[in-house]
Amino acid sequence: SISQGSTLASRTLSQRTMVSMVHLAVWAAPTLLAAHRASAELIRGISYGPPPLRSMDEGWMPQDDWFSNEAVPLWGRSGRGDLHVMKQLGANMVRLYGNNPENDHTNFLDEALEQGISVSAGMSDYPYYQMWGNCISTDMNCFTQVKPLYAQNLRNGFLRPDGTYHPALKYMNILNEPDLKVPAGADTGGPEGPVKMARALMSALDAMLDAEIEAGVTGPLINFTATFSFAICSACSESLGVPALGQMAQLDDAMFHPEKYGYSPKNDVTAAYKTRFTHSFNTASPATDVKNWFLPAYTIRFPTTPVYIGEYHRAGANQVDDLGTIMSVAEQNPLFLGISFFQYQVAYWKAGSERDFGMFALSSSSLGTFDYFGTTFNLYCLEPQLDDHSGMEMPSAVSNVYGGSGVDYSSLCLRSPEIVALDVSGYSEILAQSSVSKMVGFIERLVHHMGAIVTPGFEDTLHTFAQGFVDGSSGGFEDLASALGSQPSWIDFDSHAKCVASRSVQ
């Protein structure tokens with residue numbers, strides 16, 4: 001696919017073929033790919049899985065849905081503010097893993113949009129081999145397992161009330177590393193393994209398309225992907241001797257010839273694949289391998305289909321050099337869209353080398369506790385991991401390459417103005433930080449609570465006003481409340497303001 005832009009109006013099942021042809025007319029423009037790619041922003045992603053555990057023995061996670069409302073203390077500004085930290089890193093996309101469709105995801109998508117970060121969501125492993133009656137039990141025909149789950153995703157935040165996709169949502173990952181899961185060992189077993197893998201992905205895509213049609217999706221559509229491992233698929237019909245490429249070629253063949261794979265799609269999966277699919281893979285290999293080994297072969301096999309790396313991190317390398325190289329490669333290749341850095345937080349729930357990839361460790365200090373689906377966890381503060389080879393903290397190395405403003409590490413374990421009480425105790429917490437910007441945030445929140453906003457163009461006035469309370473020249477909290485209550489000219493009060501529920505409250 002080239003970009004978001006095709007439209008799917010509410011329509012009957014008999015119109016599917018016509019719809020797909022319209023999609024092709026809108027999307028299928030390979031000659032425009034280079035021009036579009038030249039003007040598009042490279043993916044500067046962060047792979048995000050933040051379980052609040054500092055050891056394998058610390059507890060059991062009731063769910064791993066990190067973009068649910070229950071995880072607001074982790075990603076929201078009323079807690080640790082992980083999405084805002086990603087913005088400071090210069091990221092423009094967050095890649096997710098766990099996904100319970102029963103949970104609403106609107107708030108996460110709203111916050112990501114406000115931070116200027118697009119979202120790559122994914123279907124969890126649950127329907128494929130974990131649930132009762134999973135895809136294994138139906139010979140890797142996943143239609144009946146995936147459709148109701150994706151329909152729930154659409155109802156619980158993926159779609160807006162007008163039937164359009166949430167503007168923050170960019171990709172839907174059908175499955176992460178399917179070549180290692182459906183079935184296990186599909187890369188290295190007999191030829192039936194890759195066939196079943198392709199059938200699983202094709203039927204799951206078909207299910208998602210069917211859910212879209214029944215939901216009456218309209219407006220710009222998201223893209224789909226399936227993120228393969230960087231293994232060489234010796235069992236694939238087109239092994240090609242290049243990591244990930246054989247898996248992609250197998251799926252490509254299935255999408256064009258579903259009958260060969262024992263599947264009769266309900267929708268035109270071929271058209272959807274041509275117009276709405278972006279290939280992706282995970283790798284810990286150096287940038288030079290991607291440049292010299294994968295991309296030349298990929299460009300020949302898929303001359304018009306973009307690709308990105310869903311997990312990228314060469315552990316043990318100089319991150320500034322290696323990340324700089326891989327992003328430079330993306331700038332030079334119109335098919336290569338960019339990367340998602342793996343990963344945001346150290347994976348304490350894993351062992352051995354799996355713990356080498358997080359850019360942030362969890363401190364022994366915390367911002368308090370929070371309830372996550374009925375279980376109480378510590379809201380641990382973040383600590384930057386050191387990149388020994390560049391001599392920089394790893395988040396600084398990522399920010400250096402991504403062009404971010406950088407993370408203020410001294411503020412990572414300070415209570416945010418978004419979370420403290422709007423009274424003298426909260427004021428005292430912010431005052432103790434001796435930060436004018438934090439006091440500005442506290443005052444703005446207090447102003448909003450009063451049914452008002454700071455009048456546009458008076459930001460400098462607000463800054464000067466906050467400075468007086470930080471240095472003590474303007475008095476304390478009572479003086480602040482009195483000054484705001486007098487309705488100064490730089491604050492615009494809404495006479496029709498009413499009390500409403502705050503979605504940022506923990």
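**Group meeting: a walk through the predicted fold**

Okay, let's start with contacts: in the protein chain, residues 24 or more positions apart account for 72% of the contacts with a separation of 6 or more, where contact means heavy atoms within 4.5 Å. Before I go on, this is a predicted model, so local features need pLDDT of at least 70 and side-chain atom pairs count only at pLDDT 80 or more, while totals for chains, interfaces and linings use all residues. Residues are numbered from 1 along each chain as its sequence is written, and side-chain values use heavy atoms, with hydrogens and water left out.

On overall size, a compact globule of 506 residues would have a radius of gyration near 23 Å, and the protein chain has 24 Å, which agrees. That radius is taken over C-alpha atoms, and the globule rule is 2.2 Å times the number of residues to the power 0.38. The C-alpha trace spans about 75 × 55 × 45 Å along its principal axes. As for burial, 55% of the 506 residues count as buried; that's under 20% relative accessible area, with exposed over 50% and partly exposed in between (1.4 Å probe, protein chains only).

Now the secondary structure. We've got 17 helices and 14 strands in the protein chain, and these are DSSP runs numbered from the N terminus: helices are H or I with at least four residues, strands are E with at least two.

Take strand β8, residues 336–341. 6 of its 6 residues are buried, so β8 is largely enclosed by the rest of the structure. Which strands does β8 pair with? Strand β1 (residues 43–47) pairs with β8 in the parallel sense over 4 bridges, and strand β7 (residues 307–312) does so in the parallel sense over 3 bridges; pairing here needs at least two DSSP bridges between the strands. If you want to find these on screen, Gly338 in β8 is the bridge partner of Ile43, and Ile339 in β8 stands opposite Ile309. There's also a right-handed β-α-β unit made by β7, helix α12 (residues 319–332) and β8. Right-handed means that, with the strands pointing away from the viewer, the path from the first strand over the helix to the second runs clockwise.

Strand β4, residues 169–176, has 7 of its 8 residues buried, so β4 too is largely enclosed by the rest of the structure. β4 runs parallel to strand β3 (residues 118–122), joined by 4 bridges, with Ala121 opposite Met172. Strand β5 (residues 223–228) is likewise joined to β4 by 4 bridges, again parallel. From β4 the chain crosses through helix α8 (residues 192–215) to β5, and that β-α-β crossover is right-handed.

Last up, the cysteines. How many disulfides does a search of the whole structure find? There are 3, counting any pair of cysteine sulfur atoms within 2.5 Å. One joins Cys135 to Cys142, S to S 2.3 Å. Another links Cys233 and Cys236 at 2.1 Å; the torsion about their S-S bond is about 85°, so this disulfide is right-handed.

Then there's Cys381 with Cys413, their sulfur atoms 1.8 Å apart. Cys381 lies in strand β10 (residues 375–384) and Cys413 in the loop between α13 (394–402) and α14 (424–431), so the pair ties together parts that are 32 residues apart in sequence. Cys381 is buried at 1% relative accessible area, whereas Cys413 is partly exposed at 33%.
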